[in-house]
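Me: Please take a close look at a single strand in this model and describe its setting in detail. I would also welcome a brief account of the wider surroundings, with cut-offs stated for the terms used.

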Amino acid sequence: MTALREAGYIMGRELRSLLRQPWWIAITLVQPIIWLLLYGALFKKVVEIPGFEATSYIQFLTPGVVVMTALFSAGWGGMGMIEDINRGVVDRFLVSPARRSSMIAGRLLQAMLVILIQSVIIIVLAWIVGARFPNGIAGIVVLIAVAALLGASFGALSNGLALLARREETLIAVMNFLLLPLTFLSAAFMQQSLMPSWMQSVAEVNPVNWAVQAGREASLGGTDWSMVAGRIGLLAVLLAACSAFATRAFRSYQRSV
Amino acid sequence: MAVDGHAIEADGLVKTYGKDVRALDGLGFAVPVGTVFGLLGPNGAGKSTAVKILTTLARADSGTAHVAGLDVNRHAAEVRRRIGVVAQKSGVDRELTGRENLTLQGNLYGRRGKGLAERVQELLESFGLADAADRIARGYSGGMQRRLDIANALVHDPDVLFLDEPTTGLDPEVRAGMWREIARLTEEQGLTILLTTHYLEEADQLASNLAIVDRGKVVASGTPEELKGELEGDAVIVELAVVPDEGAAEAAVSGVSGVREVLAEGRGVRARVNEGATAVPVVLAALESNGMSVASVTVSRPSLDDVYLRHTGRAFSDADEEGVR
């Protein structure tokens, strides 16, 4: 109970600082829209490829953009941690009785809240331009949940790396190395069976692809719920592992101060 | 608090970073409850490392440390509840207002509701931040941010307060104001304070007990008066009109009665004497009669600067620059 309350305080702090940055708000809200419309237009003809099963590319794309947005939105969370390290805020928190796990959990809750808002914007816009979600609200909820699980995992990874590296350059390099390639090695933009076979094999072990598969399966109908449950299970394990890593990273950080 | 009346006890603390940097080399000291204790030393002497270990942020390689009677390794969580920490670098949340900073800090110590709101208001008022309470801390001056740091450290009514270089980088006037605040804290609230500083004057003003730290070790400790008393006598500093012949000034002054030591360098002659007032005319006469005319003379009580010089063999300001480099 105390742990949850602590995480809530940290989340409140993060949200307060973000809401005071108008540019951050504007970009956070507009970016997913740009992605949806840009990729939607760029890859429009993909549906004409023989063997492509979906008829509306924007509908096919929507779960992919929801997942990608979550990944990119939370994946940079470590930058805030580095800022806090440099500002002495992390040290102040570490000599308080607050739990290390709450300091990570609070940041992840904030990231998931932002993901929720961005996802709703994307889904509403997609609906306006013609995408339909046969499983209704339930499917959409599962889509947003898997996106949030994936985002939180990469957010935790990013925060842990921030504590280990403590340099923005390092974090930027690692995250650039991971985020975009993992997105393109998933079925976010392209039906998995039409990807080159080596990419299909990589996608099987790519967490971004797990989220895309589960989110698309749950929201676009004809759903194999046991597949969705399996992917959610994998993502939950990933989140637990990444959160444990981030919490442990405080020890390494404290050895170096 | 502590069984033996010590709020802080450090014994044989050793801390190395990597292979080459030995930040602490057997540091030990004890701070009686309710006093202000000064750790004085140049930059890089190991003061901040000591504070990090005592406040549970870092771990010593060896040695023991107790705060409020509790071992900092074994009872870190309980120690954290009992201490307030003002780090060398401000830990203010720049995107939050002063009031939000204090409220969050209280929350992290498990305080909330009306009791916390009242405590926050009380601190804002007593640290002169009431008018700026609802402004974003980014816009605060350096002095205001430092006062907010101290207020943050006091939200949960700690028993022991750590102030790591609280006035570094502040203007002289702001620094004097900060000294009054710190003095008030011990007088009114009976807090035990560990203060680190590389300002001799600050240690002299605030601390009832001092340890002089150099290269990770305590080289001298006691009250400021005791430390200065060890030196016995006053310093007479003479500036000559021209640079004398090698050894001439020493030869002229060292025979004078009441003079203990003489050191000449360039145009300056520094003599340690039993009593300044009676020695000055005799020293001056000795120099003049040997053909050295005097441009100026000053007499000073021994300062911590002299103590530092004596115990480390280096002038304080030189050591300080070395540490910065």
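Reply: In chain B, strand E6 (residues 83–86) and strand E7 (residues 160–164) pair in the parallel sense over 4 bridges; strands count as paired if DSSP finds at least two bridges between them. Strands (E, at least two residues) and helices (H or I, at least four) are DSSP runs numbered from the N terminus. The model is predicted, so local features need pLDDT of at least 70 and side-chain atom pairs count only at pLDDT 80 or more, while totals for chains, interfaces and linings use all residues. Residues are numbered from 1 along each chain as its sequence is written, chains are lettered from A, and ligands are numbered from 1 in the order in which they are written.

As for burial, 5 of the 5 residues of E7(B) are buried (20 or more other C-beta atoms, placed from the backbone, within 10 Å of the residue's own; 12 or fewer is exposed, and in between is partly exposed). Both faces of E7(B) are covered: one side carries Val160(B), Phe162(B) and Asp164(B), the other Leu161(B) and Leu163(B), and each of these residues is buried.

Chain B also holds an open sheet of 4 strands, which pair in the antiparallel sense in the order E12-E13-E11-E14. Because E12(B) (259–265) and E14(B) (294–300) are at the edges, each with a single partner strand, one side of each has no neighbour in the sheet. Inside that order, E11(B) (residues 234–240) and E13(B) (residues 268–273) are joined by 6 bridges in the antiparallel sense, with Ala235(B) opposite Arg272(B).

Chain A, by contrast, has 11 helices and 0 strands. The C-alpha trace of chain A spans about 60 × 35 × 35 Å along its principal axes, and buried residues make up 47% of the 257 residues in that chain.
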